[in-house]
Amino acid sequence: MARFRSDFLRTMDERGFIHQTSDDAGLDALFRAETVTAYIGFDPTAASLHVGHLTQIMMLHWLQQTGHRPIALMGGGTGMIGDPSFKDEARKLLTAEAIDANLTGMKASFSRYLTFGEGASDALMVNNADWLLDLNYVAFLRDVGRHFSVNRMLSFDSVRLRLDREQSLSFLEFNYMILQAYDFVELNRRYGCRLQMGGSDQWGNIVNGIDLGHRLGTPQLYALTSPLLATASGAKMGKTASGAVWLDAQMLSSYDFWQFWRNTEDADVARFLKLYTTLPMDEVHRLAALGGAEINEAKKVLATEVTAMLHGRAAAEAAAETARKTFEEGALADTLPTVAVPKAELAAGIGVLSLFVTAGLAGSNSEMRRHVKGGAVALNNQPVRDERRLVTLDDIGGDGVAKLSLGKKKHVLVRPA
């Protein structure tokens with residue numbers, strides 16, 4: 001027998017999104033009775049969202065697809081503090097200008113997953129700066145702060161683990177959970193929001209909001225958290241050796257995004273098909289059952305479907321075709337990522353290590369030295385064994401580019417500018 005009867009929670013459950021809810025039966029009944037407004041918060045810590053945010057974005061996507069109203073709450077206010085949850089040290093404080101720039105960059109990605117508008121189930125994008133930045137501090141302490149027990153706040157894992165390691169937690173950061181709780185109450189007052197969702201590390205913050213709502217007279221509020229994801233090998237989801245896997249095409253090409261998913265570990269394929277695609281579950285189970293070399297076909301489907309949602313079907317299929325030509329035919333596909341390098345610099349000669357770093361294939365020269373020693377570096381399909389080698393105009397082929405390769409799956413073309 002299914003755990004849930006409502007379409008949304010049943011979808012969340014069968015696709016692996018649910019770690020914990022505050023009330024299974026109550027939340028299920030609410031989703032069967034009415035159009036539910038739910039939110040997830042995103043702090044503007046960078047100019048783009050990344051793959052680590054994608055679980056939460058897909059939760060909002062399915063919420064809308066099953067007839068309910070999602071709110072993407074942009075943390076223009078809370079972003080001025082930064083969530084301290086499970087961090088070893090305080091986040092770097094951002095200026096108001098940097099926060100605004102980051103919010104602009106993040107907003108573009110949401111439109112690929114959500115439909116915004118004025119309808120009953122149309123998504124909303126809201127900025128908590130609208131109410132947090134104008135709060136009267138003394139009035140806020142009297143009306144809201146008095147409902148929080150410091151003893152209880154110190155018991156939350158997100159705070160306790162930091163203190164147990166004798167790492168500083170500033171008063172500024174300590175306030176974050178109060179502001180997040182207040183966001184939940186304010187969203188209920190303004191938009192009738194009844195549910196906050198987030199990663200499992202947000203459980204304490206979300207429960208604070210439920211408790212505050214109860215004390216301030218809101219209707220019953222609810223919590224739903226998703227598992228914190230790591231790959232089968234234990235790596236943090238969305239992080240690679242060369243940095244974050246961004247959702248903004250200006251920060252990461254659709255081809256590199258496709259390649260990230262194509263390189264999924266075998267043990268993660270089924271889970272990622274459930275979480276990050278909208279394929280029917282019958283098709284997910286069929287692909288997940290493939291074994292041996294056939295699992296690579298499932299990975300290609302995963303990569304294409306996830307890329308199509310973000311960058312469009314044409315870009316996804318172009319990335320898949322580029323990969324096919326590059327890896328299966330050995331051809332030089334002109335749709336590979338390209339970096340322009342001043343012709344004068346190539347004429348003088350550029351160190352191969354710094355050129356690979358410039359091309360985004362590695363984070364530092366020292367990392368590149370390790371790759372050279374490991375035999376993973378090639379220039380125009382020829383192994384590079386000398387870390388002091390210079391790349392010059394002589395390395396530019398008749399098609400006007402030089403091909404940089406790191407391993408078998410990472411390639412960038414260098415074009416003189």
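Ala 38 stands opposite Leu 195 in β5; helices (H or I, at least four residues) and strands (E, at least two) are DSSP runs, numbered from the N terminus. The model is predicted, so local features need pLDDT of at least 70 and side-chain atom pairs count only at pLDDT 80 or more, while totals for chains, interfaces and linings use all residues. Residues are numbered from 1 along each chain as its sequence is written, and side-chain values use heavy atoms, with hydrogens and water left out. The facing residues belong to a pairing in which two bridges join strand β2 (residues 37-42) to strand β5 (residues 195-199), the two running parallel; two strands pair if DSSP finds at least two bridges between them.

These strands are part of an open sheet of six strands with mixed pairing, in the order β1-β6-β5-β2-β3-β4. Its edges are β1 (20-21) and β4 (124-127), each with a single partner strand, so one side of each is left without a neighbour in the sheet. Strands of a sheet pair through backbone hydrogen bonds, either parallel or antiparallel.

## Strand β3 and its surroundings

Between β2 and β3 there are six bridges, and the two strands run parallel, with Ile 40 standing opposite Ala 72 in β3. Six of the six residues of β3 are buried (under 20% relative accessible area, with exposed meaning over 50% and partly exposed in between, for a 1.4 Å probe and protein chains only), so the strand is largely enclosed by the rest of the structure. From β3, Arg 69, Ile 71 and Leu 73 point one way, whereas Pro 70, Ala 72 and Met 74 point the other way, and all are buried.

Helix α4 (residues 96-110) lies across β2, β3 (69-74) and β4, and runs at about 160 degrees to β3. Axes here are lines fitted to C-alpha atoms, for helices over the stretch in contact, and angles run from 0 to 180 degrees between N-to-C directions.

## The five-stranded sheet

A further open sheet is formed by five strands in the order β9-β15-β14-β11-β12, and its pairing is mixed. The edge strands are β9 (338-341) and β12 (382-383), each of which pairs on one side only. Strand β9 pairs with β15 (residues 410-416) in the parallel sense over four bridges, and Ala 340 stands opposite Arg 415 in β15.

The loop between β11 (377-379) and β12 holds Asn 380, and Asn 381 also has its place in the loop between β11 and β12. Phi of Asn 380 is near 55 degrees, a positive value in a residue other than glycine, and Asn 380 counts as partly exposed at 29% relative accessibility. For Asn 381, phi is near 70 degrees, again a positive value in a residue other than glycine.

Gln 180 is placed in helix α10 (residues 176-191) and, at 6% relative accessibility, counts as buried. Leaving aside its neighbours within four places in sequence, Gln 180 is in contact (heavy atoms within 4.5 Å) with Tyr 39, Gln 196, Gln 202, Asn 205 and Ile 206.

Trp 203 is in helix α11 (residues 203-216) and counts as partly exposed at 22% relative accessibility. Not counting residues up to four places away in sequence, Trp 203 touches Gln 20, Thr 21, Ser 22, Ala 223 and Thr 225. The C-alpha atoms of Trp 203 and Thr 21 are separated by 9.2 Å, although these residues are 182 residues apart along the chain. In helix α12 (residues 254-262) lies Tyr 255, which is buried with a relative accessible area of 4%. Tyr 255 and Pro 280 are 25 residues apart in sequence and 25 Å apart in space, C-alpha to C-alpha.

## Enclosed space

Rolling a probe the size of a water molecule over the atoms shows where empty space is left. The structure holds two cavities of 30 Å³ or more. On a 1 Å grid over the protein atoms alone, a cavity is a set of points where a 1.4 Å probe fits but cannot get out, and lining residues have an atom within 4 Å of a point. Grid points are joined across faces, edges and corners, and a volume is the space filled by probe spheres set on the points.

The second largest cavity contains about 30 Å³ of space, and its lining is made up of Asp 43, Thr 45, Ala 46, Ser 48, Leu 49, His 50, His 53 and Met 106. By class, the lining of the second largest cavity has three nonpolar, four polar and one charged residues, where Ala, Val, Leu, Ile, Met, Phe, Trp, Tyr, Cys and Pro count as nonpolar, Asp, Glu, Lys and Arg as charged, and the others, Gly among them, as polar.

Conventions:
On a 1 Å grid over the protein atoms alone, a cavity is a set of points where a 1.4 Å probe fits but cannot get out, and a pocket is an open set with protein on both sides within 12 Å along at least five of seven lines; lining residues have an atom within 4 Å of a point.
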